[in-house]
Amino acid sequence: MSARVRAYILLLIAVAIWGFAGPVIKFTLGYFDPVVFLTYRFFLTSLVLIPLLFILEPHFWLKLSHFTPRDWFYLVICGLTGTSLQLLLLFWGFDLTTSIDASLISSASPILSTLAAWWFLKDRITTREKIGITIAFIGSIVVVFQPFSGSLAGNLLVVAADVVWVAYLILSKKLLRLQLSPLFITASNFFIGLLSMSVILFFSRPTLYSLLSTPFSAHLGVVYMALLSGALAYFLFQRAQKSIETSEANVFTYLMPLFAPPLAFLWLHEPITLPFLIGSAVIATGVVISEIK
């Protein structure tokens with residue numbers, strides 16, 4: 001099996017996990033404040049990844065000793081954009097709109113990431129990809145501004161989260177070029193996220209009694225987001241990025257709507273509206289045009 005095929009398999013697993021995450025987030029936000037939810041999630045993820053990093057890569061600190069101030073800056077900003085900032089915007093968006101709309105808008109992030117990779121990382125974009133990106137962008141606009149379900153404010157927050165996610169992808173690609181392992185990058189991201197969210201939690205002072213009074217199913221939602229959508233999916237995505245271009249890796253996130261809407265419809269009873277179907281069809285057309293080989 002070639003390295004590229006392995007990367008495709010890893011990306012497919014990661015995207016499936018992230019696709020199911022939308023309805024899980026929406027359900028769990030019914031019990032936890034977004035700040036509490038994220039702090040709780042980052043704590044569980046760090047609790048797993050940091051010991052794992054010391055076990056599997058006990059000498060990782062040797063590379064850190066050669067870091068320049070610019071490298072440290074990239075590491076910290078990468079951690080903030082990949083966790084606290086991006087996920088706060090995303091969770092606030094999910095809290096205000098439907099998980100179906102939010103999941104589809106999130107899946108459109110490759111439009112931005114492909115352009116960013118072309119501009120910052122000098123990835124090549126073909127004429128066909130430019131046409132497909134334009135069509136997919138139009139479909140995303142339909143979903144963001146359609147008036148029949150969800151919330152415009154929530155949809156715009158998800159768009160903002162997409163922009164921050166693109167910044168994270170560019171920064172993480174630069175860190176990979178420093179010969180840092182995907183495990184180290186993933187662990188450091190969530191540890192930085194835990195530190196930053198702990199500060200926000202301290203100043204926001206939300207009620208914490210909900211941690212003890214919520215049903216077990218809500219805690220399972222946090223565990224899913226911490227261990228599967230967090231630790232495992234981020235690691236798989238970073239591992240895949242070592243073998244293929246950033247723009248190509250991000251195209252896989254277009255597949256998330258295959259997983260989120262059926263679960264949201266059956267579990268959360270969210271409606272699948274005509275504008276959503278139109279937007280999905282337009283986005284799918286753009287993806288096919290830009291990616292078919």
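Trainee: Where is the place of K242?
Mentor: In this predicted model, K242 sits in the loop between α12 (216–241) and α13 (246–251).

Trainee: Is K242 buried or partly exposed there?
Mentor: K242 is partly exposed, and its relative accessible area is 43%.

Trainee: Which residues gather with K242 in a patch of positive charge?
Mentor: R6, K63 and R239 gather with K242 in that patch, which is on the surface.

Trainee: Turning to nonpolar residues, which ones form a patch on the surface?
Mentor: That patch is formed by F43, L47, V48, V223, L227, L228 and L232. Together they have about 530 Å² of accessible area.

Trainee: Which helices each supply at least two residues of the nonpolar patch?
Mentor: Those helices are α2 (34–56) and α12.

Trainee: And which gives the most?
Mentor: Helix α12 gives the most, with four residues.

Trainee: What about V223: where does it lie, and what is its relative accessible area?
Mentor: V223 lies in helix α12. V223 is partly exposed, with a relative accessible area of 31%.

Trainee: New topic: how many residues has α5, and how far does it reach?
Mentor: Helix α5 covers residues 84–96, which makes 13 residues. From its first C-alpha to its last, α5 reaches 18 Å, close to the 18 Å expected at 1.5 Å a residue.

Trainee: Which residues of α5 are buried?
Mentor: The buried residues of α5 are S84, Q86, L87, L88, L89, L90, F91, G93 and F94.

Conventions. Residues are numbered from 1 along each chain as its sequence is written. This is a predicted model: local features need pLDDT of at least 70, side-chain atom pairs count only at pLDDT 80 or more; totals for chains, interfaces and linings use all residues. Side-chain values use heavy atoms; hydrogens and water are left out. Patches are made of residues with over 30% relative accessible area and no salt bridge: like charges are joined within 9 Å, nonpolar side chains (Val, Leu, Ile, Met, Phe, Trp, Tyr) within 5 Å. Accessible areas come from the Shrake-Rupley method with a 1.4 Å probe; for residues, only the protein chains shown count as cover. A salt bridge is a side-chain nitrogen of Lys or Arg within 4 Å of a carboxyl oxygen of Asp or Glu. Lys and Arg count as positive and Asp and Glu as negative; His and the chain ends are not counted. The place of a charge is taken as NZ of Lys, CZ of Arg, CG of Asp or CD of Glu. Buried means under 20% relative accessible area, exposed over 50%, partly exposed in between (1.4 Å probe, protein chains only). The expected span of a helix is 1.5 Å times one less than its number of residues.
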